[in-house]
Amino acid sequence: MTLIERSFRERIVLVGVTMPPSNVEETEAHLDELALLIDTAGADVVARVLQRRDAPDPATFVGKGKAAELVEVCLDVDADTVVFDDELSPAQSRNLEKLLGRTAIDRTAVILDIFAQNARTGEGKAQVELAQLRYRLPRLRGRGTQLSRQAGAMGAGGARAPIGSRGPGETQLEVDRRRLLARITRLEAELERLSQTRRTQRRARTRGRNRNLSIVGYTNAGKSTLLNRLTHAGVLVEDRLFATLDPRARRLDLPGGEAVVVSDTVGFVRKLPHQLVEAFRSTLEVVAESDLLLHVVDAAGPDPEGQRVAVRAVLEEIGAGEVPELLAFNKVDRAGPEAKHLVEAHPGSVAISALSGEGVDELVRTVAVRLRALEAVVELVVPYERGDVVAALHREGEVLVEAHEAESTRLRARLDRAAVERFRPFVVA
Ligand SMILES: Nc1nc2c(ncn2[C@@H]2O[C@H](COP(=O)(O)OP(=O)(O)OP(=O)(O)O)[C@@H](O)[C@H]2O)c(=O)[nH]1
Ligand SMILES: [Mg+2]
């Protein structure tokens, strides 16, 4: 089930709309990334159309004039498909397809497509299919026969309904909906069973005193390369987006003698479709239950800080916002002086090259220290105007109690020794 045709390389037109408080540079940067996603999906970007608006047009997302211009551009470059950087409502996408005479999809659809292409294990495939079906369900309306054919291609449960199987008074659309919902229910049940198994396995693995470390980060940041470097896991590494969809866990022996279980995860991206986050919830549970996150940032990439922030947003969404984090700025072999600035801007972070191994010994030592010292509990008083300090405490430690007093926040937090030093001015006990 794919949205982008792969029997030939589709010609794609990108559309980006700048809305306040964003600016054109940011829209361009997002379109650069969308172009990478399109390339990963196996198609070619042949043109870009930009517009500045206060809000999307309810009918066509872009304005009327822009939509007419888009028709012209599509004819000029002989485009097959138009891809919007923002999520289109089902109605917008329908209106646009009518107007353009071409498929109109959004970033979400492209990401779902790549995931579908990259899923390897049964669980990964089921998760992606579930996300796709949930994306597709509200978009069923009004496409009649075409969609009933797509539903037919959907897999086991979706064999085409034989003539006469339609319930009394049911339209084709209702039949499609019912079939799709049945498939969704089946997938949900299957995934729940797999997630139970995973939980049991994880519990068995973490009995004893093993700590859990999850490697998280933007797609293509070098997470799998780092897992391989740390544990010789032999995990697939590729210079393409979303190479890892079926995360692995490996044991790592720390210098102090204790062992830690290190898990790789699927890469995050800006505007990661919520259908995917939902479908991958059980895989991502590992992240929220970790003792420490190893957040890998591509220091040589186009926008390390923007990517770091986007990853933090996804971490919040999956309930891992409170897990202590160690930032590792990766690819320093390529990053130049920028890497040093990043490390300075984020006290406690380290610079590494997962590829050459530079800085990795220090990273492992830092991991050991952070884990060992997770036990130190301190009390802090932070004046209200230092919200940044409270945020940093949540990020770098585990806040156990937080009370609001007249002029300050009183917190009890579990911090490592280095962090205690950094927050020293606020520590009272
Ligand atoms: N120069 C350089 N390249 C690196 C480094 N670490 C990883 N890479 C390259 O970056 C690309 C992506 O690496 P992966 O390890 O697959 O990245 P990932 O974060 O697991 O990516 P996804 O699973 O797709 O989200 C590969 O081409 C790696 O060889 C590094 O330290 N330096
Ligand atoms: Mg990977």
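1. Ligand 1 site. In this predicted model, ligand 1 is surrounded by 23 residues. The closest are Gly222, Ser224, Asp239, Thr244 and Gly267. By class, the shell around ligand 1 holds 10 polar, 7 nonpolar and 6 charged residues.

2. Elements at the ligand. α8 (223-231) and α12 (332-335) each give at least two residues to the shell around ligand 1. The largest share comes from α8, with 3 residues. Ser224, listed among the closest residues, falls within the 223-231 range of α8.

3. Overall make-up. The chain has 429 residues, of which 40% are buried. Its secondary structure comprises 16 helices and 13 strands. Take the contacts between residues at least 6 apart in sequence: 68% of them join residues at least 24 apart.

4. Helix α4, burial. How many of the 12 residues of α4 are buried? The count is 11, so the helix counts as buried by the criterion of 20 or more other C-beta atoms within 10 Å for each of those residues. The buried set includes the charged residues Arg107 and Asp113. Also in the set are Thr108 and Asn118, along with Val110, Ile111, Leu112, Ile114 and Phe115. Ala109 and Ala116 complete the list.

5. An α-helix has 3.6 residues a turn, so residues three or four places apart point the same way.

6. The β11-β13-β12 sheet. Three strands form an open sheet in the order β11-β13-β12, with antiparallel pairing. β11 (377-383) and β12 (398-404) are the edge strands, each pairing on one side only. From one strand to the next, the twist averages 20°.

7. The β12-β13 pairing. β12 runs antiparallel to β13 (residues 408-414), and 6 bridges join the two. Which residue of β13 stands opposite His404? Thr409 does.

Conventions:
Residues are numbered from 1 along each chain as its sequence is written. Chains are lettered from A and ligands numbered from 1 in the order in which they are written. This is a predicted model: local features need pLDDT of at least 70, side-chain atom pairs count only at pLDDT 80 or more; totals for chains, interfaces and linings use all residues. Two strands pair if DSSP finds at least two bridges between them. Helices (H or I, at least four residues) and strands (E, at least two) are DSSP runs, numbered from the N terminus. Axes are lines fitted to C-alpha atoms, for helices over the stretch in contact, and angles run from 0 to 180 degrees between N-to-C directions. A residue is near a molecule or strand if its C-beta atom, placed from the backbone, lies within 6 Å of it. Two residues are in contact if their C-beta atoms, placed from the backbone, lie within 7 Å.
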